[in-house]
Amino acid sequence: MAHVRQRSLGTLATERLELVPLREEHAEEMALVLADPALYAFTGGGPETADGLRARYRRQAAGSPEPGVSWLNWAVRLCAEDRLVGYVQATVTGGTAELAWVVGTPWQGRGIAAEAARAVAIELTAGAADTLVAHIHPDHHASAKVAAALGLTPTDRWYDGERRWQS
């Protein structure tokens with residue numbers, strides 16, 4: 001498992017990546033990272049404008065309106081290129097953290113999603129969560145590999161056409 005060190009409150013770092021709490025200021029750069037319509041093949045929807053992302057990031061930073069639910073969102077910075085390349089998010093309810101990750105098309109296939117998601121998983125299981133969950137489209141083999149790298153296994157439970165993977 002990758003070594004993760006706490007850099008500052010909410011910031012995580014691995015050998016190649018820095019995960020920083022996602023903020024409105026990231027919207028402009030993230031709009032470029034998330035611009036490829038192919039990223040939405042399994043999740044639906046499509047690219048958002050920088051203004052749309054800014055509004056979403058503002059809502060996420062405000063936190064969940066549901067008591068006992070935490071929204072945690074990190075922008076993933078590839079240190080060698082000094083640029084954002086994706087994000088990892090977790091919704092924590094009780095001892096369960098539901099994870100999701102997206103890496104922009106130009107940076108896929110380099111293990112970035114697994115490394116970033118692993119950093120978040122290590123951080124969460126060290127305190128806030130004892131169970132990790134991800135929902136993955138059955139044809140999204142790259143995300144299934146990331147989930148498996150996190151130690152998640154597919155279950156027989158489905159939600160909105162996606163299989164539940166769980167630790």
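Arg 110 is partly exposed, with a relative accessible area of 39%, where partly exposed covers the range between buried (under 20% relative accessible area) and exposed (over 50%), computed with a 1.4 Å probe on protein chains only. The structure is a predicted model, in which local features need a pLDDT of at least 70 and side-chain atom pairs count only at pLDDT 80 or more, while totals for chains, interfaces and linings use all residues. Residues are numbered from 1 along each chain as its sequence is written, and side-chain values use heavy atoms, with hydrogens and water left out.

The side chain of Arg 110 forms a salt bridge with that of Glu 81 at 3.4 Å, N to O, a salt bridge being a side-chain nitrogen of Lys or Arg within 4 Å of a carboxyl oxygen of Asp or Glu. Arg 110 lies in the loop between strand E6 (96-103) and H3, whereas Glu 81 lies in the loop between strand E4 (69-78) and strand E5 (83-93), so the pair ties together parts that are 29 residues apart in sequence. Helices (H or I, at least four residues) and strands (E, at least two) are DSSP runs, numbered from the N terminus. Glu 81 is itself partly exposed, with a relative accessible area of 37%.

By this rule the count of salt bridges comes to eight, and side chains of opposite charge can pair when their charged atoms come close. Salt bridges that share partners join Glu 28, Asp 51 and Arg 54 into one network. A further salt bridge links the side chains of Arg 77 and Asp 82 at 3.6 Å, N to O; here Arg 77 is buried, at 18% relative accessible area, whereas Asp 82 is exposed, at 56%. In another salt bridge, the side chains of Arg 23 and Glu 25 meet at 2.9 Å, N to O, with Arg 23 partly exposed at 41% relative accessibility and Glu 25 exposed at 58%.

Glu 115 is found in helix H3, which spans residues 112-125, and is buried, with a relative accessible area of 8%. The side chain of Glu 115 makes a polar contact with the side chain of Arg 16 at 2.7 Å, a polar contact being a pair of N or O atoms within 3.5 Å; within protein, one atom must be able to donate a hydrogen and the other to accept it, and residues adjacent in sequence count only if both atoms are side-chain atoms. When residues up to four places away in sequence are not counted, Glu 115 touches Thr 14, Glu 15, Arg 16 and Leu 17, contact meaning heavy atoms within 4.5 Å.
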